[in-house]
Amino acid sequence: MSFATRIAEYPKDNDRIGSVWSWVYGQEPLTEPLDPPDPGEIWFLGEEDGEPATACTVHDYRAVRGPVDLSCGGVGAVATLIEYRQKGYGTKFMLDLLPVMREAGHVVSSLYAFRDPFYAKSGYATSGWRWKISCQSHRLPKTECTLPVSQIESSKVACLDACYEKFIRTFSGSVVRREHEWKRRLGKKHPMIYAVGDPIEAYAWVKMTEFWGNVDVGEVGWSTTRGYESILAVLRGIAHNQATLTWSEPPHSPFLAGHFDQGVDFQLARQTMHRVLDVKKAVEALKPAGKGQLDFKVTDPQMKENDGCWRAEWSEGKVSVQKTKSSEIDFEIGPFSQAFMGAPSVRELVQHGSIKATKEDALQRAERLF
């Protein structure tokens with residue numbers, strides 16, 4: 001049997017790729033045409049002897065890494081038909097995507113995994129997650145809303161941009177949203193959106209389906225502490241005739257730090273995986289303080305362009321990277337991707353035995369670089 005990966009053409013391949021997604025995610029045949037891809041989005045098909053076996057989409061994202069925006073291939077809707085599983089096609093499909101994304105200019109790739117070990121075979125590593133918080137309405141803290149409250153029309157969601165961007169700069173991997181990405185994030189049935197402050201300092205959107213049910217908070221974001229406390233008060237008001245409220249916060253959760261109570265459930269959810277596609281461009285995009293140099297080795301069995309020893313030199317927030325012959329700290333591509341994205345940190349990865357530093361000074365310089 002011959003397996004090959006190619007870009008799917010819309011609408012020519014609508015039925016072929018749509019059938020894969022419909023059977024895998026809906027357990028039924030395709031009943032209506034797919035919507036066209038978003039701007040910059042590319043669909044991929046994996047075929048056995050010309051017959052569709054696997055499918056996925058790659059979004060053209062701008063992912064934040066501190067103050068830097070990186071071109072990111074956001075892989076989603078990965079699907080393999082049951083009759084083609086256990087043939088190695090899924091792994092082959094993911095490996096085929098790597099050089100295509102790199103050639104498209106993507107520095108990193110990110111995804112939500114159905115099984116992390118599966119994607120680890122393609123060099124991805126778990127890095128980043130969120131808390132899913134479930135709280136009975138009577139357990140919500142009585143924070144004070146000190147800012148004006150407004151309801152936002154979904155057509156005017158771009159007014160949240162400034163607050164959203166300040167929020168996502170505090171942790172790496174988040175996507176800078178353009179109009180079509182806001183639209184996709186809100187979904188086909190738009191939620192109720194509320195914001196506090198003028199200019200906006202926090203926002204949340206919610207869905208409710210019944211009286212004394214659950215308030216499902218699709219997203220909450222904030223740029224200031226008073227914004228967070230105010231939007232929490234708004235959510236308490238929304239939950240007045242509801243039994244529970246469920247929402248997500250990043251690992252450095254202000255609710256966990258300042259408002260935890262007995263009966264509140266915290267669950268680690270929606271972990272992400274990342275992979276550096278271009279080591280040289282990724283490291284040169286960093287903005288380290290001060291001046292320094294680090295020789296490091298990356299072992300990347302899937303992408304020979306990344307494999308080998310590298311020297312990074314930086315000064316005044318600018319980094320140059322060139323090939324060299326020796327290293328002071330050694331990475332496999334998975335742990336390197338984790339160190340680059342910041343979770344786990346370089347020091348934590350050394351403690352776990354995931355990377356090897358020849359001396360303490362090299363570890364300290366790697367911390368400054370990353």
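Which residue forms a salt bridge with R178, and how far apart are the closest N and O atoms? I looked this up in the model, which is predicted. The partner is E181, and the closest N and O atoms lie 2.7 Å apart. I then checked accessibility: E181 is buried at 8% relative accessibility, whereas R178 is partly exposed at 32%.

Entry on E201. I found a salt bridge between E201 and R226, with 2.6 Å between the closest N and O atoms. This pair links distant parts of the chain, 25 residues apart: E201 sits in the loop between β9 and β10 (202–207), and R226 belongs to helix α6 (residues 225–238). E201 counts as buried, with a relative accessibility of 9%; R226 counts as partly exposed, at 48%.

Entry on salt bridges in general. I noted 23 salt bridges in the structure. One of them joins the side chains of D35 and K188, at 3.6 Å from N to O. D35 lies in the loop between α1 (14–26) and β2 (42–48), and K188 in the loop between α5 (179–186) and β9 (192–196), so the pair ties together parts that are 153 residues apart in sequence. K188 is exposed, with a relative accessible area of 77%.

Entry on helix α9. I asked how many residues of α9 (residues 333–341) are buried. Nine of the nine are buried, so the helix is largely enclosed by the rest of the structure. Among the buried residues I listed I333, P335, F336, F340 and M341. After α9 comes G342, and I recorded a positive phi for G342, near 100°.

How values were computed: Residues are numbered from 1 along each chain as its sequence is written. This is a predicted model: local features need pLDDT of at least 70, side-chain atom pairs count only at pLDDT 80 or more; totals for chains, interfaces and linings use all residues. Side-chain values use heavy atoms; hydrogens and water are left out. Buried means under 20% relative accessible area, exposed over 50%, partly exposed in between (1.4 Å probe, protein chains only). Helices (H or I, at least four residues) and strands (E, at least two) are DSSP runs, numbered from the N terminus. A salt bridge is a side-chain nitrogen of Lys or Arg within 4 Å of a carboxyl oxygen of Asp or Glu.
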